[in-house]
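Hello,

Here is the structure I promised to send over. Have a look at it first, and then read on for what turned up.

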Amino acid sequence: MAGSAYFPRLAIRTPETADSPRHSAVVRITHWLNTLSFFGLLVSGGAILLAHPRLYWGETGNVETPSLVDLPLPFVLVGQSGWGRSLHFLSAWLCVLNGLLYVLSGLLTRHFQRDLAQSSATYSALQRLTYLAVVFILFPLMIWTGLAMSPAITSVFPALVTGLGGQQSARTIHFFAAAFLVLFLLVHVTMVYRAGFRNRVQAMITAKDRI
Amino acid sequence: MSKLISRRGIITTGLATAAGASGLAVAARLADRYGLIPPDHGGIYGVGETLTYAAQRLLTANHSLAREFNRGEISKSIPIDGQPPEKESYQRLLAGGFTDWRLKVDGLVERPSLLSLAELRSYPSRTQITHQACEEGWSFIAEWTGVPLSYVLNLAGVSPRARYVAYFAFDESWDSLDMPEALHPQTLLAYGLNGQDLPAPHGAPLRMKVPRQLGYKNVKYLSRITVTDNLKNIGSGQGSISPDYGYSWYAGI
């Protein structure tokens with residue numbers, strides 16, 4: 001078992017065999033760290049949103065301008081979402097550093113190429129495409145739109161925000177990309193449940209299917 | 001085989017932990033010397049604050065300028081957040097057109113001074129059209145006119161020991177900037193908004209403008225700025241009133 005980190009190709013080649021790991025050690029560790037950071041980001045993102053649940057397009061937007069979307073949520077955390085921001089950035093750092101580890105390891109061990117880009121007996125094409133889109137489109141878009149809201153970062157890289165049409169556009173895209181990630185999470189958990197919750201969760205913890 | 005690997009694994013992990021811990025200690029000392037540790041670095045959230053502050057200070061080390069906009073992009077109206085201080089000392093100055101108001105400049109400076117509004121207006125000014133975002137999420141674009149804080153600091157003669165500039169308002173609000181932000185060319189002591197005198201609800205007679213950070217660093221109704229090498233003795237010692245309310249000292253986001 002300890003060898004799985006050292007022989008990731010062996011580990012992945014025969015995912016159907018009961019005594020070989022379904023997921024490599026890096027995949028398992030980064031999966032749960034990502035779970036932790038995702039919940040931190042979700043809860044704190046919700047707290048930040050509840051300080052001003054109105055979305056705009058362009059550079060500026062406030063209560064005296066028309067909105068793009070008025071979310072059916074109350075302005076309950078006005079002036080009280082400081083903890084939300086602190087938790088958001090702490091979780092974002094964990095998410096980004098953990099994501100880098102996952103992507104670098106996935107490229108080096110050819111995990112993406114072998115298990116996600118090629119047809120597989122274990123996961124359907126739609127499943128594999130969805131995972132690739134989440135890893136290589138949705139998460140990078142969240143980071144990009146997040147950075148585009150930072151006046152310090154955009155002082156160095158203004159194209160990050162002008163390329164999106166403005167700071168409020170970045171905020172709006174950040175919200176909708178987050179909504180897609182939540183939708184992914186719901187489908188993901190539903191499919192894990194339908195495939196046999198204990199087996200699949202155990203496979204993501206100890207690497208072994210119980211079969 | 002697997003036993004060998006796990007024993008080797010334990011030794012490697014032990015060595016890596018020891019190296020990591022001593023590396024962290026050295027890194028923390030170096031980071032503090034180069035001004036990469038924020039005053040509110042304590043606690044679990046302090047880890048995130050420190051990573052963000054250090055990363056952004058390294059990225060913005062060359063005095064990168066906040067984006068500036070065209071006249072046509074100025075917001076038609078600006079929401080008013082909070083009311084001017086009701087205290088008598090402020091209301092009297094407001095009624096008198098701030099002719100008796102003075103900005104106190106003290107701390108680690110060679111020439112502590114009391115500056116009138118007329119004196120501040122006589123100094124070289126800068127006008128900039130910048131975006132300001134509130135921590136809540138809303139934002140606006142406006143044209144600000146004022147004297148660069150760096151000009152006033154140079155006039156007062158800042159000690160080489162200076163690390164922060166703290167600034168205080170009539171309404172008990174206060175905040176502070178590190179020296180890179182205080183000396184940044186767009187950091188203004190602003191007395192004009194959209195070509196007019198700064199209106200009372202927007203911070204008359206003088207407010208701080210820090211366009212590379214969120215709105216709450218832009219403290220209104222200023223009465224004093226002080227240069228210091230240490231923020232521990234001001235307020236709760238976290239560099240600003242914001243951490244008392246749960247908000248970060250550094251707001252470059």
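To begin with a term used throughout, two residues are in contact if their C-beta atoms, placed from the backbone, lie within 7 Å. Helices (H or I, at least four residues) and strands (E, at least two) are DSSP runs, numbered from the N terminus. A residue is buried if 20 or more other C-beta atoms lie within 10 Å of its own, exposed if 12 or fewer, and partly exposed in between, with C-beta atoms placed from the backbone.

Please keep in mind that this is a predicted model, in which local features need pLDDT of at least 70 and side-chain atom pairs count only at pLDDT 80 or more, while totals for chains, interfaces and linings use all residues. Residues are numbered from 1 along each chain as its sequence is written, and chains are lettered from A and ligands numbered from 1 in the order in which they are written.

First, confidence in chain A. The pLDDT (the predictor's confidence in each residue, from 0 to 100) has a mean of 89 over chain A, and 89% of its residues reach 70 or more. Over residues 1-18 of chain A the pLDDT is below 50, although this stretch has 32 contacts in the model beyond near neighbours in sequence. Where pLDDT is low, the predicted coordinates should not be read in detail.

Now the make-up of chain A. Its secondary structure consists of 9 helices and 2 strands, and from the N terminus on the order is α-α-β-β-α-α-α-α-α-α-α. Chain A has 211 residues, of which 33% count as buried. Among its contacts between residues at least 6 apart in sequence, 62% join residues at least 24 apart. A:Leu42 sits in helix α2 (residues 25-49) of chain A and is partly exposed, with 16 other C-beta atoms within 10 Å.

Helix α5 (residues 125-148) of chain A deserves a look. The expected span of a helix is 1.5 Å times one less than its number of residues, so the 24 residues of α5(A) should span 34 Å, and the end C-alpha atoms, 33 Å apart, agree with that. α5(A) also bends by about 35 degrees at A:Val134, where the bend is the angle between axes fitted to the seven residues ending there and the seven starting there. Its buried residues are A:Phe139, A:Met142, A:Thr145, A:Gly146 and A:Ala148. What covers them includes α3, α6, α7 (159-162) and α8 of chain A.

On to chain B. It has 6 helices and 10 strands, and 43% of its 253 residues count as buried. Its C-alpha trace spans about 85 × 40 × 35 Å along its principal axes. In helix α5 (residues 149-156) of chain B, the buried residues are B:Leu149, B:Val152, B:Leu153 and B:Ala156. After α5(B) comes B:Gly157, whose phi is positive, near 75 degrees.

Finally, where the chains meet: the contact takes 33 residues from chain A and 40 residues from chain B. On the side of chain A that touches chain B, α3 (82-108), α6 (151-156) and α8 (167-194) each supply at least two residues, and α3(A) gives the most, with 8 residues.

Best wishes
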